[in-house]
Amino acid sequence: MAQSKLWTAAPEWAVYPLGLLPAVDLFVRAFSNSLGADPLRVLENGLGEWALRFLILGLAVTPLLRFGRINLVKYRRAFGLVAFIYVVLHLSVYLALDKQFFWGEIGKDIIKRPYITIGMAAFLMLVPLAVTSNRFSIRKLGSLGWRKLHRLVYPAVLAGAVHYLLLVKAWPPEPIIYLAIVVALLAVRRIRPARRARQAA
């Protein structure tokens, strides 16, 4: 089945302004005091949710190509970098607005609150991926080394989904659905399409 060129019609750079529109909307609504009774929590959680959505979108690129013939490979790096921007914004709101850079309280949170610990671990795993998302790093690390490093995205996305699940103590359906999607996408990567399986046999 031929892949439709419609999937790659838009330029890669378009992902950045379009992907960051929700962040602009959240900040505008926060500064206009229209995020409800707890605007800080809504802003912080909203940025985190968008980070997870873009991480999931990046994780879905390969399965979509393998099983749906939808080729979004051109945009995978942009998806990942937009996700990282949301992670940085999410973390910045927590550090600057929520904790006001009281490092003692932040340290206690990281140690005592599992969802904070897991969220920080996810952030630390994403940092080298964002830093090396360029052609220079691919040349320096080599194709194989670069691919091995970027496998960190799998535990990072899983940690992000668990972080979200533990964050919302009432466990509404949404974080459970996100975690299920992440687990499914990780599992489906182990499945080869029937054509490839026949060729390998």
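Does Phe54 count as buried or exposed, and at what relative accessibility? At 10% relative accessibility, Phe54 counts as buried, where buried means under 20% relative accessible area, exposed means over 50%, and partly exposed lies in between (1.4 Å probe, protein chains only). This is a predicted model, in which local features need pLDDT of at least 70, side-chain atom pairs count only at pLDDT 80 or more, and totals for chains, interfaces and linings use all residues. Residues are numbered from 1 along each chain as its sequence is written, and side-chain values use heavy atoms, with hydrogens and water left out.

The structure holds 7 aromatic pairs. Rings of Phe, Tyr and Trp (its six-membered ring) pair if their centres lie within 6.5 Å; planes under 30 degrees apart count as stacked, over 60 as edge-to-face and the rest as tilted. Phe54 forms a tilted pair with Trp50, at 6.2 Å centre to centre and 40° between the planes. Both residues lie in helix H3 (residues 39–68), 4 residues apart, about one turn of the helix. Helices (H or I, at least four residues) are DSSP runs, as are strands (E, at least two), numbered from the N terminus. Trp50 is partly exposed, at 27% relative accessibility. Ring pairs join Trp50 and Phe54 with Tyr86 in a cluster.

Trp50 also has a charged neighbour: Arg53 lies over the face of its ring, 4.5 Å from the ring centre. A charge sits over a ring if NZ of Lys or CZ of Arg is within 6 Å of the ring centre and within 35 degrees of the ring normal. Arg53 is partly exposed, at 26% relative accessibility.

Side chains of opposite charge can pair when their charged atoms come close. A salt bridge is a side-chain nitrogen of Lys or Arg within 4 Å of a carboxyl oxygen of Asp or Glu, and the whole structure has 6 of them. In one, Arg53 meets Glu49, with the closest N and O atoms 3.5 Å apart. Glu49 is buried, with a relative accessible area of 18%. Salt bridges link Glu49, Arg53 and Glu174 in a network.

Another salt bridge joins Arg77 and Glu12 (3.5 Å, N to O). Arg77 lies in helix H4 (residues 76–98) and Glu12 in the segment before helix H1 (15–19), so this pair ties together parts that are 65 residues apart in sequence. Arg77 is partly exposed, with a relative accessible area of 32%, and Glu12 is partly exposed at 22%.
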